[in-house]
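Me: Please show me the sequence and the structure, and then take my questions in turn.

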Amino acid sequence: MTGRYGLAQAARMEWIKLRSLRSTWWTLAVTAAGTVGIGLAVGLNSKDASADLTNNALAGVVPGLLLTGALGVLTMTGEYTSGTIRATLAAIPRRPLVLAAKAAVFGAVTLIVGEAAAFIAFFAAAATLRHGIAAPALGDPGVLRAVVLSGAGFCLIGLLGLGLGAIIRYSAAAVGVLVAGVYVVAQVIGFVAHSAAAYMPILILENSLSTTRPVTCGPGADSCPSFLSAWAGLGVMSLYAVIALTAGGWLLARRDA
Amino acid sequence: MIEARNLTRRYGPTVAVDALSFDVRPGSVTGFLGPNGSGKSTTMRLILGLDRPDAGQARIGGRRYRELRWPLREVGALLEAKAFHPGRSARSHLAALAAGNAIPRTRVDEVLDLVGLTGAAGRRAGKFSLGMGQRLGVAAALLGDPAVLLLDEPVNGLDPEGVRWIRNLLRSLAAQGRTVFVSSHLISEMALTAERLVVIGRGRLLADTTVAELSEGSASLEDAFFRLTGDAVEYRGVA
């Protein structure tokens with residue numbers, strides 16, 4: 001047999017591994033259901049026609065992200081807990097390739113599920129608006145962008161989790177760091193250092209990716225950070241994922257397995 | 001053919017493997033013996049590139065493990081019982097590994113049959129007994145029909161029928177001209193399975209010999225082993 005194993009073989013291996021765990025599908029289903037459910041609830045209670053109704057419909061994205069992030073962590077740490085990592089590296093000894101394949105497969109799956117969740121949440125919320133408010137349409141300025149980028153958020157936080165899993169290797173610790181980094185620290189920094197707050201993942205999601213127009217703070221605006229534009233937000237989020245994956249791949253290649 | 005040359009690995013101040021050199025040749029079962037903590041598993045991990053040596057290197061068929069083109073088709077390894085995700089079925093576990101090295105899917109059912117797990121192949125492997133886990137590990141090792149096999153304590157947890165099955169399997173694989181390297185702390189089992197022996201203690205080579213040669217002049221292989229490793233036992237209970 002000629003040639004050598006490469007990304008294609010590694011990706012096929014990772015796809016079988018990902019799809020053969022029931023927990024993968026449960027987690028993704030709950031993610032999507034939660035995202036849609038919260039979007040619906042918020043949509044149903046929208047009374048202000050001048051509010052960013054698209055942003056309201058996407059209110060479930062941020063809580064939903066936690067699950068894809070944790071699933072990303074477990075996709076990597078599960079290999080260490082179970083000992084599968086030894087079998088994986090026996091098949092694919094070029095270790096960065098293993099992480100690249102995981103990122104490609106997991107990234108694709110969470111992107112598809114994330115987009116589906118974001119679009120369903122948007123349409124569901126739009127279809128059930130009450131109080132005589134006109135529903136936003138995908139053709140309205142910024143709406144399609146907000147929905148698409150919110151869906152991408154699932155993938156980016158998932159990849160951030162995957163990278164953290166590769167760096168930390170222990171499920172509980174890695175999930176802890178993910179939750180702390182994405183949710184808790186963001187809130188603290190939001191209070192203490194307003195200029196840095198704009199760079200916190202959760203605030204990027206809430207105020208840059210899922211909005212159709214720039215977020216304004218109204219009265220007391222001097223204490224309000226100037227949030228990133230949607231595309232700058234996407235860039236910063238991607239950068240976080242890339243940094244985590246690069247560090248994870250570097251450590252994976254150097255540490256004992 | 002497995003070649004270890006000056007293989008050395010330290011963990012902090014402990015030298016787990018100390019300038020170890022030996023060859024494992026094709027065509028016979030080579031037993032890898034040593035007391036608990038003597039460095040057998042570390043040596044196997046070094047050969048497979050899972051741990052990095054501080055000095056020296058191991059080659060398989062002239063190449064380091066990392067350089068192999070289709071690793072599972074060249075080397076099969078069983079390192080620990082239950083090196084699989086508890087939520088995944090035996091069939092999916094093997095299918096994933098097969099896909100990683102472009103091994104035909106039909107081979108998965110072949111090896112499942114070979115190790116006697118066909119009936120349990122669809123069940124979550126987390127429910128497997130230790131013996132079934134070992135059988136799945138053996139199936140994974142045989143998946144790529146490799147010319148070189150490394151097995152770390154393969155009879156752990158197996159019932160007498162399983163022990164005999166492994167013994168016959170290893171001997172027949174060696175008779176086909178494969179290189180078979182098996183670690184064990186069960187001397188009596190090695191006396192029945194292996195022809196050649198590599199014995200280590202405290203990470204150092206104590207003997208690279210045949211079972212017949214080592215047993216010579218002792219009442220049993222076990223006596224010969226104790227004579228050889230008497231000074232190299234790290235963990236000893238009080239009788």
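Some questions on the contact between the chains, a helix and a strand follow.

Reply: This is a predicted model, in which local features need pLDDT of at least 70, side-chain atom pairs count only at pLDDT 80 or more, and totals for chains, interfaces and linings use all residues. Residues are numbered from 1 along each chain as its sequence is written, with chains lettered from A and ligands numbered from 1 in the order in which they are written.

Me: How many residues does the contact take from chain A and from chain B?

Reply: Two residues are in contact if their C-beta atoms, placed from the backbone, lie within 7 Å. On that basis the contact takes 27 residues from chain A and 33 residues from chain B.

Me: Which buried residues does helix α9 of chain B have, and where around the axis do they lie?

Reply: Helices (H or I, at least four residues) and strands (E, at least two) are DSSP runs, numbered from the N terminus. A residue is buried if 20 or more other C-beta atoms lie within 10 Å of its own, exposed if 12 or fewer, and partly exposed in between. In α9(B), residues 221-229, the buried ones are B:L221, B:A224 and B:F225. Because they cover an arc of only 100°, taken from the directions from the helix axis to the C-beta atoms, they lie on the same side of α9(B).

Me: Which residue of β6(B) is the bridge partner of B:L78?

Reply: Two strands pair if DSSP finds at least two bridges between them. Strand β5(B) (75-78) runs parallel to β6(B) (148-152), joined by 4 bridges. The partner of B:L78 there is B:L151.
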